[in-house]
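Hi,

Here is the structure I promised to hand over. Have a look first, then read my notes below.

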Amino acid sequence: MSNVQPPALAVDVDSDVPIVQQIVNGLRRLLVGGELSPGDALPSSRALARDLGVHFNTVAQAYRTLEAEGWLALKRRAGTVVLERPAPELDARNAQLLARQFSKELRDLRARYEALGVERRALDAAIEAMIDDRRNSS
Amino acid sequence: MTLFDVLFAIAMTLAIGVLMLFTPALSRGSTFFAVTVPEGFAGSPAARDIHRRYLGITAIATLAGPILILPVSWWLSRDLAYGIAYGIGPLLPVVGGLAAFVHCRGMALQYAREPSATRTVSLERDRLVDIVPGRWWLHAGPYLLLLAAMGWLALQWESIPDPAFVPTRLPEGTTMARAAFAVFGLPLTMALTLAVCHAMMPLGLLIRRLPGHRQRVRSINAFILGVIWAMAVMGAYDSLAVLYGERWITGPVGLAVNIGSLVAVLLLPVWMLATGRFARPGEPAQGDRSPDSAWKLGLIYFNPDDPAVWVEKRFGVGFTLNFARPAAWLLLTAILAATAALVIWSLGAG
């Protein structure tokens with residue numbers, strides 16, 4: 001039996017983030033991270049809804065969002081399949097703009113969690129752990 | 001009652017009792033008597049006390065079986081003795097075990113904790129080969145065994161006494177005129193029962209995939225395969241009694257084959273548990289996340305917020321229905337109607 005863990009998706013039903021958004025984010029993370037590769041078949045929206053214990057329309061909506069972004073193909077017979085998605089072409093100026101926007105969103109996010117009472121040191125450690133993970137996986 | 005019947009009824013009762021004694025150990029690690037408990041709770045002194053109480057009540061109910069069967073087989077009329085020995089005797093450990101379970105669940109509830117809000121599921125699609133163990137011949141074997149018995153009976157048709165001893169006619173009458181129904185009835189009915197058991201295996205594709213899903217469903221299907229083999233061995237052997245007479249079943253070989261198959265199949269999950277085939281070691285602590293309140297008495301699942309129709313049982317081996325879904329009631333009605341139709345048909349035919 002293979003020791004490679006199959007891709008898994010987690011949702012937190014108590015979170016403030018809507019479940020549909022959690023599913024989209026979770027799947028997008030797996031797609032970007034390469035844990036889901038082009039040609040991989042995903043469970044049907046009905047099966048995934050049953051496994052997660054959420055409404056069928058919630059999963060269907062998440063799948064449609066990722067279809068609109070070009071990540072998935074929803075086919076009647078073959079089910080939901082991961083598509084080959086070419087890397088978006090960006091010129092240097094747009095890339096710089098997006099990186100700046102990412103930096104701003106990250107600062108906003110940190111400020112939001114600090115306002116909730118989380119220590120700055122803990123948030124920095126989380127960001128560093130994320131960077132380490134990224135380095136180790138690449 | 002014959003000595004064979006008394007011993008068979010007692011063996012059946014004791015084997016069911018042993019199965020009931022081990023049933024709590026087959027639960028997922030995240031639950032204890034169908035209650036969501038903190039990780040590692042099962043090893044605590046409080047948990048051991050509750051478990052001991054379950055074992056005590058179930059053991060008493062199990063031993064009550066032989067204590068009931070022995071005197072009734074002696075003193076009561078044949079029909080009544082059969083009814084009690086085969087009907088009430090084996091029910092005692094089941095009823096006692098369930099009562100002990102409900103009692104112990106009540107005790108465990110004080111240690112309950114909220115199920116985790118995080119739900120993790122595998123995105124891998126399951127195929128039938130992932131959840132059904134064994135190669136094709138392991139699945140075809142039981143049917144071939146029954147077919148071989150039927151072939152032998154067909155070849156020896158002229159040697160079959162007329163009227164012939166028919167084991168399925170016990171206890172009212174033990175003989176029937178030599179006809180296709182009397183001779184091939186038992187192996188055909190058994191083949192149909194095996195097919196129903198086989199049809200249960202793909203159900204694993206329809207249930208919610210909790211952590212450790214594949215290995216656990218494979219274990220459940222391995223147990224079903226064991227049941228199929230035991231029934232096939234008993235069915236093939238017993239169906240030859242029309243040719244060789246009553247002693248074929250009630251003799252020492254018949255006793256060994258029938259009681260041996262029965263005990264082997266009921267002890268199969270115990271062996272699977274002892275060898276780790278029920279996938280408890282290493283299983284993620286986060287298992288069944290359904291709320292405890294949705295499990296009525298810990299046995300019946302009723303959760304309107306859960307889209308799943310089939311879910312894994314919290315007590316026992318296998319799956320159960322979410323009775324808050326109309327599809328579950330439809331399925332239950334269909335199953336009951338099919339069973340009733342089969343019983344009425346067999347009574348009419350017999």
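Predicted model: local features only at pLDDT ≥ 70, side-chain atom pairs only at ≥ 80, totals over all residues.

How many salt bridges does a search of the whole structure find over all chains? The search gives 14, where a salt bridge is a side-chain nitrogen of Lys or Arg within 4 Å of a carboxyl oxygen of Asp or Glu. One of the pairs worth a look is A:Glu69 with A:Arg28, whose side chains meet in a salt bridge at 2.7 Å, N to O. A:Glu69 sits in the loop between H3 and E3 of chain A and A:Arg28 in helix H1 of chain A, so the pair ties together parts that are 41 residues apart in sequence.

Some housekeeping before the rest. Residues are numbered from 1 along each chain as its sequence is written, chains are lettered from A and ligands numbered from 1 in the order in which they are written, and side-chain values use heavy atoms, with hydrogens and water left out.On to chain A. Its C-alpha atoms fill a box of roughly 50 × 40 × 35 Å, taken along the principal axes. The chain holds five helices and four strands, in the order β-α-β-α-α-β-β-α-α from the N terminus on. Helices (H or I, at least four residues) and strands (E, at least two) are DSSP runs, numbered from the N terminus. There are two domains, domain 1 (19–82) and domain 2 (92–137), with bounds that come from an automatic or database domain assignment. Taken over C-alpha atoms, the centres of domain 1 and domain 2 of chain A are 26 Å apart.

The sheet in chain A is an open one: three strands in the order E2-E4-E3, with antiparallel pairing. At the edges are strand E2 (41–42) and strand E3 (72–75) of chain A, each pairing on one side only. Two strands count as paired if DSSP finds at least two bridges between them. E3(A) and strand E4 (residues 79–82) of chain A pair over four bridges, and the two form a hairpin with three residues between them. Within that pairing, A:Ala73 stands opposite A:Val81, and A:Lys75 has A:Gly79 as its bridge partner.

Helix H3 (residues 56–68) of chain A lies across E2, E3 and E4 of chain A, at about 125° to E3(A). For that angle, axes are lines fitted to C-alpha atoms, for helices over the stretch in contact, and angles run from 0 to 180 degrees between N-to-C directions.

Now the interface. 24 residues of chain A are in contact with 19 residues of chain B, contact meaning heavy atoms within 4.5 Å. The two chains bury about 1800 Å² between them, 56% of it on carbon and sulfur atoms; buried area is the accessible area (1.4 Å probe) that two parts lose on being put together, summed over both. On the chain A side, strand E1 (8–12), helix H1 (19–32), E2 and helix H2 (45–52) each supply at least two of the residues that touch chain B.

What about charged pairs across the interface? The count of salt bridges between chain A and chain B is zero. Eight residue pairs are in polar contact there, both residues at pLDDT 80 or more. A polar contact is a pair of N or O atoms within 3.5 Å; within protein, one must be able to donate a hydrogen and the other to accept it, and residues adjacent in sequence count only if both atoms are side-chain atoms.

Two backbone details in chain B to finish. The peptide bond from B:Asp162 to B:Pro163 is cis, with omega near 5°, and B:Pro163 is in the loop between helix H6 (136–155) and strand E4 (164–165) of chain B. B:Phe33 has phi near 50°, a positive value in a residue other than glycine; B:Phe33 belongs to the loop between strand E1 (31–32) and strand E2 (35–36) of chain B.

Cheers
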